[in-house]
Amino acid sequence: MSGDTKDKGINRRKLLGTTAAVGVAGAAMGAGVSQLVVPAEAQTRQQPGQQARPGQQSYEVKPGELDEYYTFFSSGQSGEIRIYGLPSMRELIRVPVFNRDSATGWGQTNESLKVLTEGLTEDSKEYLRRIGKVTYDSGDLHHPHLSFTDGTYDGRYLFANDKLNTRVCRIRLDVMRCDKIIQLPNQHTVHGLRVQKYPRTGYVFCNGEDRVPVPNDGRDLDKPENYRSIFTAVDGDTMKVAWQIIVDGNLDNVDADYQGKYAFATCYNSEGGVTLADMMAAEQDWVVIFNLKRIEEAVKRGDYKEIGGVPVLEGGKGSPFTRYVPVPNSPHGINTAPDGIHVVANGKLSPTATVFDVRKFDDLFEDKIQPRETVVAEPELGLGPLHTAFDNKGNAYTTLFIDSQVCKWNIEAAKRAFRGEKANYLIQKLDVHYQPGHNHTSMGQTKEADGKWLISLNKFSKDRFLNVGPLKPENDQLIDISGDRMRLVHDGPSYAEPHDATIVHRSKINPVHRFSRDDPFFADAVRQAQADGVDLTADSKVVRDGEKVRVYMTSMAPQFGLEEFRVRQGEEVTVYVTNIDDVEDLTHGFAIINYGISMEVPPQATASVTFRAERPGVYWYFCTWFCHAMHMEMKGRMLVEAQ
Ligand code: CUK
Ligand code: CUA
């Protein structure tokens with residue numbers, strides 16, 4: 001990658017060399033220096049756990065060593081993505097998405113506001129306008145999934161859902177920043193989210209969980225029989241809705257095959273109920289299978305209704321686009337095995353998992369077989385099966401929410417037992433602490449599953465950590481699965497509330513160290529500067545445009561390009577800061593005291609923020625990211641003349 005440290009011969013020492021040359025008081029750097037200098041021996045990078053014997057891997061990653069895997073955690077109602085190293089389970093960085101972030105100014109900068117507003121439905125924009133907002137302040141992010149090419153991760157994007165406000169986000173993995181958010185029309189929440197694995201992503205599949213009238217404009221309030229739920233395919237390249245299809249039942253989780261032909265979702269509430277008792281009445285619910293080719297052909301033929309600006313197909317029972325396979329009441333997770341053949345739907349209310357063979361789906365759609373004939377095993381695993389992960393040896397690992405266990409079982413043995421043969425498919429049950437939801441294996445959601453690590457994302461930690469009051473952390477536990485037996489090796493507390501995670505080998509991810517000046521993320525700022533005749537990387541000046549004032553300044557440790565600027569009370573001010581330091585990890589910030597303005601400006605990026613200068617006086621602005629020995633002095637004055 002262009003930004004690689006070794007390529008450019010830039011290291012921490014050089015960084016200090018450059019910045020120290022500008023600095024005056026060497027003595028003032030004091031402790032900062034020793035903290036910034038990385039001892040040479042720590043730069044020898046080792047790969048942890050390589051020599052370990054099966055079942056004896058260490059989670060220890062020594063000082064200066066790097067983790068072997070990235071883990072992308074969701075954060076539920078915190079609304080962000082968190083990136084961890086694995087096996088160390090150290091949190092590396094957070095990527096704000098549906099939340100607000102004080103450090104980076106996410107939700108305040110013009111660049112982030114563009115992402116947060118441009119993809120909202122017209123209905124939502126109107127609603128937000130009425131309540132005096134431009135976008136939502138919160139989200140509920142459950143399912144982070146990386147883009148695929150040919151059955152494995154390609155390092156381009158991560159996609160995730162917002163269960164709270166029916167949105168889908170995309171994060172660019174080159175800069176680890178969210179660049180697109182869209183809100184799905186017609187659909188009411190998006191819960192399950194997975195991507196197309198083959199030939200590439202392609203589609204991002206989004207499960208509409210709750211049933212509402214379509215369109216949901218005040219009609220049919222008291223007619224639940226007219227409520228519908230919707231499955232959406234988003235085009236991951238354009239981040240536009242490709243098509244939607246109406247289904248029966250509440251969609252829960254979703255996955256896709258390795259052939260590019262089918263997606264499938266668990267459904268609960270086949271009853272169409274609106275109370276808990278209604279929803280649990282039936283003995284069976286179903287898994288609904290979507291025939292992608294048939295749907296695409298229908299869309300091409302124009303065989304759909306346009307609702308909310310997108311093509312909507314009818315996919316209820318009896319439709320050529322779907323098949324409904326009965327499974328025990330209220331299934332939850334659905335997971336495709338790395339063998340490309342087996343798909344496991346997890347029972348939740350039933351102690352079983354249902355295993356499908358995707359090779360039978362062609363015959364099912366041609367009505368050559370009955371729906372249940374696609375089922376090849378239904379092992380009994382324990383109480384509350386929620387999600388299943390896989391190794392590279394034909395074994396599955398299912399979380400048992402009620403039993404607080406992970407159950408390791410063998411798929412082939414479960415198939416033999418299903419055929420009536422004598423076969424013991426249960427291999428081991430391991431206690432976890434406590435009440436696990438999702439679990440994940442290293443690379444286990446790709447055809448390159450490696451069978452080394454499993455994490456169990458436990459909803460309760462209870463007594464596992466120091467008591468921090470009524471609200472306790474969750475517990476993400478690391479389990480060594482490289483041997484015959486699962487071995488619990490690490491407890492990891494986490495804040496609300498990682499539902500899901502993806503463990504990706506580090507060879508798949510290649511982030512850059514600095515922004516490129518032609519990055520689309522701040523292209524609007526570049527365009528505006530051009531129109532104003534400003535060179536963002538060199539000029540610092542104030543441009544007046546009627547009631548609007550545009551303040552352009554560079555930042556280079558330890559100085560802003562402007563040490564003061566003057567505006568009049570009531571004017572709309574936009575400050576553009578361009579970080580012209582070309583040094584890895586040298587981030588600046590820009591914040592204005594008592595104005596509530598704060599943002600981050602990464603190396604070689606431009607960030608901008610717009611506000612009204614509504615209070616007269618002297619307001620110091622300062623750099624928020626410790627960038628230099630003279631960081632405290634990196635500041636200037638905004639002078640606001642009273643009107
Ligand atoms: S759901 Cu949370 S434990 Cu939203 Cu993936 Cu199963
Ligand atoms: Cu720039 Cu601190």
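Of the 112 residues in the largest nonpolar core, the ones that touch the most other members are Val168, Phe205, Ile245, Phe264, Val287, Val288 and Phe290. The model you are looking at is predicted: local features need pLDDT of at least 70, side-chain atom pairs count only at pLDDT 80 or more, and totals for chains, interfaces and linings use all residues. Residues are numbered from 1 along each chain as its sequence is written, while chains are lettered from A and ligands numbered from 1 in the order in which they are written.

**The nonpolar cores**

- A nonpolar core here is a set of buried Ala, Val, Leu, Ile, Met, Phe, Trp, Tyr and Cys residues joined through C-beta atoms within 7 Å.
- "Buried" has a cut-off too: 20 or more other C-beta atoms lie within 10 Å of the residue's own, with C-beta atoms placed from the backbone.
- Strands (E, at least two residues) are DSSP runs, numbered from the N terminus.
- Leaving aside residues up to four places away in sequence, Val288 touches Val247, Phe264, Ala265, Cys267, Thr322 and Tyr324; touching means that two C-beta atoms, placed from the backbone, lie within 7 Å.
- Another core lies apart from it and has 40 residues, among them Val601, Cys623, Met638 and Val640.
- In soluble globular proteins, nonpolar side chains tend to be buried together.

**Around ligand 1**

- Which residues surround ligand 1? They are His142, His143, His191, Asn253, His332, Gly333, Leu386, His387, Gly437, His438, His499 and Asp500, and a residue counts as near if its C-beta atom, placed from the backbone, lies within 6 Å.
- Strand E22 (385–390) and strand E26 (436–441) are the elements that give two or more residues to this shell.
- By class, the shell holds one nonpolar, ten polar and one charged residues. Ala, Val, Leu, Ile, Met, Phe, Trp, Tyr, Cys and Pro count as nonpolar, Asp, Glu, Lys and Arg as charged, and the others, Gly among them, as polar.

**Backbone details to look for**

- The peptide bond from Val214 to Pro215 is cis, with omega near -5°, and Pro215 sits in the loop between strand E9 (203–210) and strand E10 (229–235).
- Ala557 and Pro558 are also joined by a cis peptide bond, with omega about 0°; Pro558 is in the loop between strand E32 (548–556) and strand E33 (559–560).
- Met89, a residue other than glycine, has a positive phi near 65°. Met89 lies in the loop between strand E2 (80–86) and strand E3 (90–96), and counts as buried because it has 21 C-beta neighbours inside 10 Å.

Key:
Helices (H or I, at least four residues) and strands (E, at least two) are DSSP runs, numbered from the N terminus. A residue is buried if 20 or more other C-beta atoms lie within 10 Å of its own, exposed if 12 or fewer, and partly exposed in between; C-beta atoms are placed from the backbone.
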